[in-house]
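User: Could we go through this structure together? I would like to begin with the metal site and then turn to the strands.

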Amino acid sequence: MRKLAILVAVALGMPGSPAFPVGTTQPILMKGIAYEPKQVTVHVGDTVEWDNQDIVAHTATAKDRSWEVDIRPGKNGRMAMNAIGRIDYICRYHPNMTGTIIVEP
Ligand SMILES: [Cu+2]
């Protein structure tokens, strides 16, 4: 019985342990000249990864121009989210292509 309890604790990842990795990766597809999903919610320290499945290049460009990730067809790119808040972003090549990232504590 005691052995089982230990196994459950390991399966839950034991948050708070220094060995537990910080941050996860949130995937977003670039497909059909659109971001999918259009809006995501992540936590500070997480990484957003865009996967361009179109045959044209796209960018993820913050509307305030504080950062940009340029992604060629069939490639992917990532950006760590290190500040709380709402980020609206667009594709510089296709201004109608818009997305939102909500970064929570
Ligand atoms: Cu684009």
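This is a predicted model: local features need pLDDT of at least 70, side-chain atom pairs count only at pLDDT 80 or more; totals for chains, interfaces and linings use all residues.

User: Which residues coordinate the copper ion?

Analyst: His-58 and His-94 each contribute ND1, and Cys-91 contributes SG, at 1.9 to 2.1 Å from the copper ion. Along the chain, these donors follow the spacing H-x32-C-x2-H.

User: And where do His-58 and His-94 lie in the chain?

Analyst: His-58 belongs to strand β5 (residues 58–62). His-94 is in the loop between β8 (85–90) and β9 (98–104). The two are 36 residues apart, and the pair links distant parts of the chain.

User: Is His-58 buried or exposed?

Analyst: His-58 counts as buried because its relative accessibility is 0%, and the cut-off for buried is under 20%.

User: What about His-94?

Analyst: His-94 has a relative accessible area of 21%, so this residue is classed as partly exposed.

User: Changing topic: which residues make up the nonpolar patch on the surface?

Analyst: The patch is formed by Ile-33, Ile-55 and Val-56, which together have about 290 Å² of accessible area. Val-56 is located in the loop between β4 and β5. With 33% relative accessibility, Val-56 counts as partly exposed.

User: Now the strands. What is the order in the open sheet?

Analyst: The open sheet consists of four strands in the order β2-β1-β4-β7, with mixed pairing. Its edge strands are β2 (35–36) and β7 (76–80), each of which pairs on one side only.

User: How many bridges join β1 to β4?

Analyst: Six bridges connect β1 (residues 25–30) with β4 (residues 47–52), and the two strands run parallel.

User: Let us move to β9. Which strands does β9 pair with, and in what sense?

Analyst: β9 pairs with β3 (residues 39–43) in the parallel sense over five bridges. With β8, the pairing is antiparallel and spans six bridges.

User: Which residues of β9 stand opposite Thr-41 and Asp-88?

Analyst: Ile-102 of β9 is opposite Thr-41, and Thr-100 of β9 is opposite Asp-88.

User: Last one: how many residues of β9 are buried?

Analyst: Five of the seven residues of β9 are buried, and the strand is thus mostly covered.

How values were computed:
Residues are numbered from 1 along each chain as its sequence is written. Side-chain values use heavy atoms; hydrogens and water are left out. Two strands pair if DSSP finds at least two bridges between them. Donors are N, O and S atoms within 2.8 Å of the metal (3.2 Å for Na, K and Ca); water is not among the atoms, so sites may look incomplete. Buried means under 20% relative accessible area, exposed over 50%, partly exposed in between (1.4 Å probe, protein chains only). Patches are made of residues with over 30% relative accessible area and no salt bridge: like charges are joined within 9 Å, nonpolar side chains (Val, Leu, Ile, Met, Phe, Trp, Tyr) within 5 Å. Accessible areas come from the Shrake-Rupley method with a 1.4 Å probe; for residues, only the protein chains shown count as cover. A salt bridge is a side-chain nitrogen of Lys or Arg within 4 Å of a carboxyl oxygen of Asp or Glu.
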